[in-house]
Amino acid sequence: MKLWQKNTSSKKEVERFTIGRDPEFDILLAPFDVLGSLAHAEMLESIGLLTAEELKTLQKGLQEIWQEIEAGTFRIDEGVEDVHSQVEFLLTHRYGDVGKKLHSGRSRNDQVLVDLKLYYRHRIREILERTEGLFNCLMTLADKHRDDLMPGYTHTQLAMPSSFGLWFSGLAESLVEDIQLWNAAFSLVNQNPLGSAAGYGSSFPLNRTLTTQLLGFADLHYNVINAQNSRGKTEKFIAFAVAAIAGTLNKLSSDIIQFMNPHFGFVGFPDELTTGSSIMPHKKNPDVFELLRAKTNQLQSSPQAVMMQLTNMTTGYHRDLQLLKETVFPDLETLVDCLDMAVFMLEHIRVKKDLLKDPFYAYLFSVEEVNKLVLEGMPFRDAYRKVGLDIEAGKFDPATEVNHTHEGSIGNLCLDQIRAKMQGALRSFNFEEIDRSQSALLK
């Protein structure tokens, strides 16, 4: 039995095709469906569509379902279309007709949409926590290895001296910028669509400001059409934010794969964190980072997949939107897994010391020699030509000390400033208000 079903039911072929993979994703929405329903019930009582006693009954029933979800005993029964139906059926079965009143002033469209917003809000918080963990790991390594020089490359060719401190902290600051993109996604997620119904409002005198406050949203989608049109747009913003962190992880993975190559030999890992070959006894393969590279490339393709799915859709709800879950939900899970694995591996990284003492890297110091001559009074173009001619003649014998002092350089990593930038980015997410609102609903 479906909530919308009257006397005619769908053919089983249609039912199978239209439900698709929804049950496996819907179970993830269960706690958020309860939260949205608690706020909606409180609002219905405030406008006279529920009595105080009916509200207490619904609150009791919804909190029971919440506890079942927390205990892992909640299930979507065979033949029940979705999690929203399961919650309503349980309430009606246990408490009678009051369960049927809960849907007043609400469409499954805005019910699903508020569930998704609450779910995304929860997952974004989890991703931010994991990203902060990776950031802290990178910053610790940057501080530890601030004086360990390494080659820097342009065009994959030897360029200038770098340092492990510079490399680690460069990746860390990139994560700060990624979080700033998550802020844009979160701002869209953290708006209340409840009360937009099927996208055209309701003749009930709904108090949408109240449900916004009860659910801890920062604002609401005022225009009911725009509330519905935010589905898809929200997922697009999230996909771009996922791709941003994936891009930083991809750069990290690609670098480490190259740096582990014996021809480079810049970093290493304990044997138990690498894999071997079935026929080559000497092999220590960077399989973890190769898979991180592959997974993050998959994640970087997701914005295109989401945008193509949204192409040609007119204003209003379309069933096409259901399939977005098949892209976005697994992507969020994969990103968390990648962040966790990156931290685990970096906690065991081994950095090779004194790399640049090898004469092989002498040409890295050509710019240092040019700059030294300029500081002594020689015009830059003359200094550049002199050093170039010395290199061609085989007479180049540079000093290997590096003295960079400007902000963000090898000798002035600005780690405190980068940490402050990250803390500022994280403070823009108001999770404390969300926690207070959820606690109040479940009191």
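Predicted model: local features only at pLDDT ≥ 70, side-chain atom pairs only at ≥ 80, totals over all residues.

Visitor: Which residues of helix H11 are buried?

Guide: In H11, residues 302-310, they are Ser302, Pro303, Val306 and Leu310. Buried means under 20% relative accessible area, exposed over 50%, and partly exposed in between (1.4 Å probe, protein chains only). Helices (H or I, at least four residues) and strands (E, at least two) are DSSP runs, numbered from the N terminus.

Visitor: What do the buried residues of H11 pack against?

Guide: They pack against helices H9 (224-260), H10 (287-300) and H12 (324-346). Contact means heavy atoms within 4.5 Å.

Visitor: Take Leu324 in H12. Is Leu324 buried or exposed?

Guide: Leu324 counts as buried because its relative accessibility is 1%. Leaving aside neighbours within four places in sequence, Leu324 is in contact with Gly232, Glu235, Val306, Gln309 and Leu310.

Visitor: At what angle do H10 and H12 pack?

Guide: The angle is about 150 degrees, and the axes are 10 Å apart. H10 is therefore roughly antiparallel to H12. Angles under 35 degrees count as roughly parallel, over 145 as roughly antiparallel, 65 to 115 as roughly perpendicular and the rest as oblique. Axes are lines fitted to C-alpha atoms, for helices over the stretch in contact, and angles run from 0 to 180 degrees between N-to-C directions.

Visitor: Which residues meet there, between H10 and H12?

Guide: Val288, Phe289, Leu292, Lys295, Thr296 and Leu299 of H10 meet Asp331, Thr334, Leu335, Cys338, Met341, Ala342 and Met345 of H12. By class, this contact of H10 with H12 has nine nonpolar, two polar and two charged residues. Ala, Val, Leu, Ile, Met, Phe, Trp, Tyr, Cys and Pro count as nonpolar, Asp, Glu, Lys and Arg as charged, and the others, Gly among them, as polar.

Visitor: On to the loops. Where is Asn312?

Guide: Asn312 lies in the loop between H11 and H12. Asn312 has a positive phi of about 75 degrees although it is not a glycine. Asn312 is exposed, with a relative accessible area of 75%.

Visitor: And where is Ala197?

Guide: Ala197 is in the loop between strand S3 (191-192) and helix H8 (208-214). Phi of Ala197 is near 55 degrees, a positive value in a residue other than glycine. Ala197 counts as buried, at 8% relative accessibility.

Key: Residues numbered from 1 in each chain as written. Heavy atoms only, no water.
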